[in-house]
Each structure stands twice: as structure tokens, then as C-alpha cells.
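Take a look at the model first.

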Amino acid sequence: MTSNQPHYKFRDLKVYSSREWLANNMKKYRQVFERYNADYIYAELSFYNKQFDQEDWDVEIELKCFSTRKSQKEICTLPIKRKVSKYDSVIYIREGWGNKKYGAFWKKGTYYWEAWVNGQRVGTKYFYVEDSGKDPEDPSNAYIRLRSLKLYEGSYDDVPLEKRNYYKSFSMEETRYVYVELVLDNIYHGRNWQCEVFIKFHNQARELKGQVTKLQNVSKKDESITLTAGWGSNVKGSWREDSYTIDIVFMDKLLATIPFSVGEEFEEGVSSVLLPARQVLTKLSVEDYSSETFEDVMSSLEQLIGLTDIKRQVREHAKYLQFLKLRKDKGFKENEEVNIHSVFIGNPGTGKTTVAKMMGRLYKKMGLLSKGHVHEVDRVDLIGEYIGQTAPKVKEAIEKARGGVLFIDEAYSLARTNDDSKDFGREVIEILVKEMSDGEGDMAVIVAGYPKEMEHFLDSNPGLKSRFKIFFEFADYLPQELALIADFAASEVKNVKLSPTAKTKADELITEAYRNRDRTFGNARFVYDIIEQGKISLGLRVMDHDKPESLSDEELSTIKLGDIENIEIKKKKRLPRIPVDERLLKDAMKELEDLIGMDNIKKQIVELVRLVRFYRETDRNVLNKFYLHTVFIGNPGTGKTTVARILTKIYKALGVLERGHMVETDRQGLVAGFVGQTALKTAEKIDEAMGGVLFVDEAYALGQGGGANGDYGNEAIQTLLKRMEDNRGEFFLFAAGYPENMDNFLKTNPGLRSRFDKILKFEDYSSDELFEIAELMLKEEGLKANEAAAEHLAKYLAFQYDFRDKYFGNARTVRNIITEAVKNQNLRLSSLPKKQRTKKMIKILTFDDVKDFKLDKDADTIFTRKAIGFKKRTQGSGQ
């Protein structure tokens, strides 16, 4: 190690007060202290010894403490000189400051320790001293009171409040993170303060599995504090079967312990909590659904923002069910069983999942369900990848939902096309219909999705409509309702508030989004996203401040007008300015001009080039402004692929496309062998072509059935249609094929023809043009036909043209003829002694080389086919 490299690597800087030693050389680390429980407050600096097992060395340490009051007042500087032993891999330096009398030195405020090593600052750690004013001998908690403590499962990114399911027991196969939802009453009124809570996860042997520390700024206006913390892994199956406990620690005191278990299945509910003062398990939350009444559920529903029609419909539905129960109690017999399966129709974020959970609780209160929980699934959770995997997945989901609600979001995706018998989604539907008809019962099925798609879903199986009798239509939230949701999201979820001007601007964004909404409008999700982005903007603004730690609580929690103005509702893509590549354009245009025939095609392309140049001359941006999805129609060998490649070069040279490449594919490159994979495979191919051209040869094959995966082509067409519109101008689709087939292809979907902006028709080459192509191909081979050979070749090509049918290969047929002629010439020359072959002879194609090409329409050659079912026509009479 060179002398100018440090002998250490910074590890951590922590703060503590208690001098009690814990296992593994640890202390009771904290950042918040009660004034009258603090005498000395210590800093612990730790660093790695890079000279471990090599040599001893000397280090100079300074630990400095500052108060943020009075312009960063320095409280103390503690110099420390230490010889670092080569036998110590980690070095700990601990020093403190204060007074042995509790409450004598430290006053309420914000402080921080700085650590300096050999003149370099390596770390800073803030800590806070709070003053409750209570007698130090009083054991009661002057800051908080425990209101609610519940557990739920989720991913690393946590779970929104409205989507949480609370459990007493967790599935060891399905659980990722076990989360704690902790609600505390703020009883330290009238002051802003820092709340620090430790959440410690233990197994049955009381071994520490994990610990999360939550530090939250509490405003004097806050009536409650809500904290969430989770421990686990994003990989399912990381929890083992066992009994666990979670300790909640505040100000070095145990606040509560909540037990839970991990076993075979989830068990919904709220666990009892062990309070140290009582030493008995106690029910905390009024939201433990086992104790709530029917009116409690209805009251919870009424408290939701908006959903006026849904609330009325649910209450009427509940009253009718009560009526049926009353009749049953009176001895009436009903001919039909009570049907509680429902269809929820509406756009995203309209409260469908939230109401579904309330329906489960409602049905439980009425004795229709035994548990009342909600098991939420979608297509991915129900459909297997291979034959035989779907049924077990569906039955597993049904059993998990037994006793409660099976909520299937975007249920329409289970019935993708009416004529697709290979879609495993149909198997899911059949199993559901059977379960709802004659299954074990004790379950409500709620399916949700867009109106039009749900109508198609219900029509996909005759048994579905008869099983779903209850329909709830969730309308989009009105702007005033969305504004209320924004207020709730800010104060209750994100713990921020909007300034009056920011509130006005946010409401304007909401109203504008509402006016421009389509069926993908996110409703409440959209509003939550606005508040989230506003909070991020607030955070970036705060951290750009010279001294963010000196800002008041008000400044740290208020979203201002500028924060909302920074929000991009629809992110604008910055477009590069791409100049015309004159050299590439000249080369591509020459390549086009050199092609034989195609005068109509060339004219259209020249006009397009002139139009783009006009846009350039008038200072208009051309990138992504031209919409040139194109159909290439023509018989085999008419130059469709060649022109597509040249046209792509021209678009690239003009700057009409960002990248200007061409991805060539066909049905095989777009269609997969299993249901659901085709859309992904097609999307990947489109993504590969973004900024360029996707060329689909023989595109008509996508609309044809037959084969092992014949019906999946429609899925590819649907994906192409959506992306052609959604990414209009960002890529071009070139679809090529034969005239009759392409005409049928464009009729397979009503929206297909309208998506294409240009149709290029490639006519068959004339006999003269076919001969020109032949001469060009001979030239590429270094050959020239003599007069007799040229005359016979011209006659033979004219003969081929006159008696052509729909299989005629145009330039491909010419290629085959020239290949055969060249082979004949080579064989003829190979039969001559080497000395007799002259250089001139080697370059000449003679009549002997082409004489086998007979002008006989009945000749059975590889170049002609006998007509099937119709008579061949002569030139001038059409095809």
C-alpha cells in the first residue's frame, strides 16, 4: 500500500447514551433521547483496518459535537490518539459529552456528531433531545399511545393502504416481507418532535431475525403517527415454519409485542398484542373484523370518498339479502340459492378492490361467508405455461379464497378471442363456472374490468352470465372527488401538505386530466401519483438548500407551487435534430433509380422526398411527424423486399426515423407456441424495430388458421395494431405479401386497413423488363449472351410472361433461368480441354447454353407450373 493511501475505510458513526454492553461489542444505538433520561451522549466511530495482519499504525481522531441552534454552535471537540493494532480488523472509537446529572446538560434540540480521521471528515450523525416535561420518576409514556398494531404481507416496495390484507398467520411458500402497520396517538401536543421506533423481528428461540428503525418527524398538528416496516425477502419461500414475535421499542422501552406464525396457509385477521404493563394478550384495533357489526361495515363504506351510486347499490343489495334471510327464518323456501357473485365494471383506480374487501366483510356479517377475506388474482396467477398446469393453479386460488372473496382483476383477459380454443383462459372459466354451479360454496367470486371487455368475457361462456346476477358500475371520480382524494393522500399517506397555490395548481392538473381522460385514466391512482411526485419535488428542492437541516418542520413538509409545476403528467420525449444525410440519400436514390421498372413506385418515393425537403426548408421538424405504415402488394419476385430496404435507407437519410434500421421477420418471428406468449414475442420484435422499420414478409399468414399455433396470429395482429397507433411515427410497419392474400389479410380485422397510410403495388415485370433483369444478372456473373443466345432468352422470357399464372416468380424465375444457363455454360466449357478454352469464350453465353429452354406450354420444367382449375391466358388479357 502506498504511503498516500489511507490505512482505514470508514464503516459507521452511531450515537448512544446507555453504557450497557450488548452482544458482539454493541451498544443501545439511538438518535432520539428524553432530556431527563440523558446524562452523557456518546459517539461511536468504527472503521476497517486496511493494515490488518500487516503492521501497527497510529491514528489521530477528532469527535466534534454541534448544536444546530445559534448557527451551528460547537459543543465540544474530543481529540483521540490511538495506536491501531494489526490484530484488529475493525476499530471502535467511543467518546461522549454531557453531565452525570440527568437533564443538567442536554436541552431540547437538534445536534450532530462529526468524526474526523487524520484531518479528514469521514462521517456525520444527527441526534435529537426531546423534553416531555414529565417527572423522570413517572414511568408513563408522555409522547405516544398505541392505537393499532397489525401485520400484512407485501413486496419490497410496501403495499398501499387500500390493498393491504391483514394476517395472523403467513404462508411460508407465498410470503415475501412481513410488514408491521403501527398507528400511534400523538399525546405530546403543541410541539414538533422526532419519533424513533425500533421494530425487532424474533423467531421462537428469541433470536433476532431482523431489525428496522423508523425515524419520523411529528408535527404539532398531527393527532396520530402511522409507521410501516417490513422484514423478509422479495423471493417467496424465505420464511421458515415457526412462531415469531415482533417487539416495538420506543425511547429504550418495550411498547408492545405482537406474535405471528408462519405455516402452510395465510390466516386473515388481527393478532392480539402483548402489552408489557398488562402481561396479557390484548385486542387493540377496532378494525379487527371479527368484532365489527353490519353497521360498522356500512359506515366504513360511507366514509369512502365519492362512489355515491355504488354505496346506494351496496346498501340496497345488503337490505335485500337481509330480506331473504328474514324470509328464511320465517320458514319460507326459496327456489334458488342466494347468489353473491358480482361483476365490477370500471376504469383503474375507481375503488373496485376496496369495495370488494368490504363486500367480503359484509357477507361475513350476514353469515354468507365464514371468513370474509379477499384473495386477489389476475390472469398470470391462474394460467399455467403448459398443458396441465392451469387447473391446479385455479383450484389452489379457489381454496385460498374459500370462506371469502375470489377477486379476479382484468378478468376479461381470460377470454381473449371467441374462436381461440387453444387459450388456457377458457379452462379457467370452465373451472370457475363449475365451482360457482356445484362447488363446495362458501365463496363469492367478483370479476372486474373494462365495460366492453367484460361484456365479451361474459359472452365467452354460456354459464357465466347465468352465474353473475349482480353488476356494479364504478364511474370515474369527479374532479371535486379527486381533489378530496389528493388531500387525503397528502395528509394521511404521504405526511405532507399543499400550500394554497400548490393546491390550486394540483386541482387544475386533476381537472385537465379528467377532461382528457380515456378508459386508461388512473383516477385515484393518478392523484396519488401527483402527490408522490410533488413530495419528490419537495425533497429535491430541500436538498438543494445550503443547509437543509436548518429548515423548519413546516418547510420540510409543505409542497409549494413550483413543486407541482415541475410535475410532468405526460413526459415529453426530447427529439434529436437529425440533418439530412445527403450522401446516403444520393446513394439510396441511385439504388432506387437503378432498379428496373417500378415507375409508379419510384414516383411516389420521389414525391415523399420532395415533401420532406419542403418541411426542412420551412423549419419544421420531420422526426416522428410522418406516418408511413405501408403495405407492399405484389407477386413473388417483384422487388418488395429490395424496395423496402432501399426505402428504409431513404427514411434514415431524410431523418424521418430516429435510427433508420430495418428488422425483417415473418409469422414465425411473431407467433409463439403458447397462449399469452405471442403478444410478448410480437412486442419484443416491435421494440427491436423502434426508431426504424419492422418488415413483415408474407404478413397475410398472420390472419390464416391452421397448424399447431394457427390461431395465435390474431394475437400478433392485435398487438401490432395497438403499437402502430400508440407509437405512431416512432416506427413504421411494412407488411408485404401477394395481392389476393393481402386483400384477405386486410379484411381480417376492421381496424387493419385504416392503420396503413400507404399501399405500394408492385406490378409484374414486363417481358422486356425481365430480359433486362436477365442481362443484369449475367453481367453480375461476368457473362454476356451472344446474339443467338440473347434472342432465344428474350423469346423464352416473353413466353414465360405470356403464360404466367399467380405462382409466377418474376425476378426469382429469371434468377432460376440464369442460374441454370450459367450451369450449362460451365458444364459445356468443362468438357473442353483446358488449352482450348479462351478468355473470350469463358465470358460468352451461347445458344447451346439456353437451347433446353423450350417454348412449349406443356413442357414440365421447374420454371412453369400447369394451371390448376383455370386456363392460362395470353398477354393483354389479364391474369
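The notes below are grouped by topic.

This is a predicted model, in which local features need pLDDT of at least 70 and side-chain atom pairs count only at pLDDT 80 or more, while totals for chains, interfaces and linings use all residues. Residues are numbered from 1 along each chain as its sequence is written, and side-chain values use heavy atoms, with hydrogens and water left out.

**Aromatic pairs**

- The structure holds 43 aromatic pairs; rings of Phe, Tyr and Trp (its six-membered ring) pair if their centres lie within 6.5 Å, and planes under 30 degrees apart count as stacked, over 60 as edge-to-face and the rest as tilted.
- Phenylalanine 632 and phenylalanine 695 make an edge-to-face pair, 6.3 Å centre to centre with 80° between the planes.
- That pair links distant parts of the chain, 63 residues apart: phenylalanine 632 is in strand β27 (residues 630–634) and phenylalanine 695 in strand β29 (residues 693–696). Strands (E, at least two residues) and helices (H or I, at least four) are DSSP runs, numbered from the N terminus.
- Both phenylalanine 632 and phenylalanine 695 are buried, where buried means under 20% relative accessible area, exposed over 50% and partly exposed in between (1.4 Å probe, protein chains only).
- Tyrosine 700 and tyrosine 738 form a tilted pair, with 5.8 Å centre to centre and 35° between the planes.
- Tyrosine 700 sits in the loop between β29 and α20 (713–726) and tyrosine 738 in the loop between β30 (732–737) and α21 (739–746), so the pair ties together parts 38 residues apart in sequence.
- With a relative accessible area of 9%, tyrosine 700 is buried, whereas tyrosine 738 is partly exposed at 22%.
- Ring pairs also link Tyr167, Phe170, Trp239, Tyr244, Phe260 and Phe266 into a cluster.

**Charges over rings**

- Lysine 150 lies over the face of tyrosine 166, at 4.1 Å from the ring centre; the criterion is NZ of Lys or CZ of Arg within 6 Å of the ring centre and within 35 degrees of the ring normal.
- Arginine 517 lies over the face of tyrosine 514, at 3.9 Å from the ring centre.

**Glycine 637**

- Glycine 637 is in the loop between β27 and α17 (640–654) and is buried, with a relative accessible area of 9%.
- Glycine 637 and glycine 809 are 172 residues apart in sequence, yet 5.1 Å apart in space, C-alpha to C-alpha.
- Leaving out residues up to four places away in sequence, glycine 637 touches Tyr765, Gly809, Asn810, Ala811 and Arg812 (contact means heavy atoms within 4.5 Å).
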